[in-house]
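The structure under discussion is shown here.

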Amino acid sequence: KAVVSTQSTGGALKTKVHDDLNGSVLKLQGDITKFHVATAQQVMKHKKGIIEQQVVLNRIADSAILLQSMAAVISRANLAAEKGDVSELALANAWCGESHQRITQLVADLQNPKLTKVDQATLDVGKMSLDSNGYLAKSPVS
């Protein structure tokens with residue numbers, strides 16, 4: 001086992017993890033830091049108006065969910081390894097690697113002031129639904 005020290009806004013957290021999980025823990029640590037910075041920037045930029053920034057809030061929520069899932073997967077795999085079952089380590093590292101890539105993209109998108117085409121299309125559909133007082137599409141079976 002290795003001791004990995006992570007720094008967060010809440011102070012130092014020391015966690016004992018299986019050696020094979022060190023890389024995932026370091027990814028989680030870095031992602032938490034990037035998430036914290038990007039989220040703080042968005043709150044400072046939009047202030048109370050952040051509640052109106054649905055694209056930003058969606059990216060923040062998706063990132064938070066991925067961070068939580070990374071922590072849960074690492075914890076579960078580590079507990080299994082402590083009990084002698086190392087079968088979950090590779091799966092945990094794969095999940096954390098994929099989540100890390102997704103978080104990196106979400107944080108980059110948060111820091112990019114331009115909306116993507118998909119973002120704009122989503123906002124346009126939402127505005128059309130709002131303007132028509134409800135769901136736009138008619139049922140094809142009626």
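In soluble globular proteins, nonpolar side chains tend to be buried together.

The model is predicted: local features need pLDDT of at least 70, side-chain atom pairs count only at pLDDT 80 or more, and totals for chains, interfaces and linings use all residues. Residues are numbered from 1 along each chain as its sequence is written, and side-chain values use heavy atoms, with hydrogens and water left out.

The chain has 4 helices and 2 strands, arranged along the sequence as β-β-α-α-α-α. These elements are DSSP runs numbered from the N terminus (helices: H or I, at least four residues; strands: E, at least two). Of the 142 residues, 28% count as buried; buried means under 20% relative accessible area, exposed over 50%, and partly exposed in between (1.4 Å probe, protein chains only). The chain exposes about 9,500 Å², of which carbon and sulfur atoms supply 61%, with areas taken from the Shrake-Rupley method with a 1.4 Å probe.

Residues 24 or more positions apart account for 62% of the contacts in the chain with a separation of 6 or more, a contact being heavy atoms within 4.5 Å. Leu21, for instance, touches Ile74, Ala77, Asn78, Leu89, Ala92 and Asn93, not counting residues up to four places away in sequence. Ile50 lies in the loop between α1 and α2 and is buried, with a relative accessible area of 15%. With the same exclusion of residues up to four places away in sequence, Ile50 touches Gln42, Val43, Val56, Leu57 and Ile60.

Helix α3 has 24 residues, which at 1.5 Å a residue should span 34 Å; its end C-alpha atoms are 36 Å apart, which agrees. The expected span is 1.5 Å times one less than the number of residues. Among the buried residues of α3 are Glu88, Leu89, Ala92, Ile103 and Leu110. The buried residues of α3 pack against α1 (22-46) and α2.

## Salt bridges

A salt bridge is a side-chain nitrogen of Lys or Arg within 4 Å of a carboxyl oxygen of Asp or Glu. By this rule the count comes to 5 salt bridges, including those tabulated below.

| Pair | Closest N to O distance |
|---|---|
| Arg59 and Asp109 | 3.8 Å |
| Glu88 and Arg76 | 2.8 Å |

Arg59 counts as buried, at 9% relative accessibility. The pair of Glu88 in helix α3 and Arg76 in helix α2 also links distant parts of the chain, 12 residues apart; Arg76 is exposed, with a relative accessible area of 55%.

Asp131 and Lys127 both lie in helix α4 (residues 117-131), 4 residues apart, about one turn of the helix, and both are exposed. Salt bridges that share partners join Arg59, Asp109 and Asp119 into one network.
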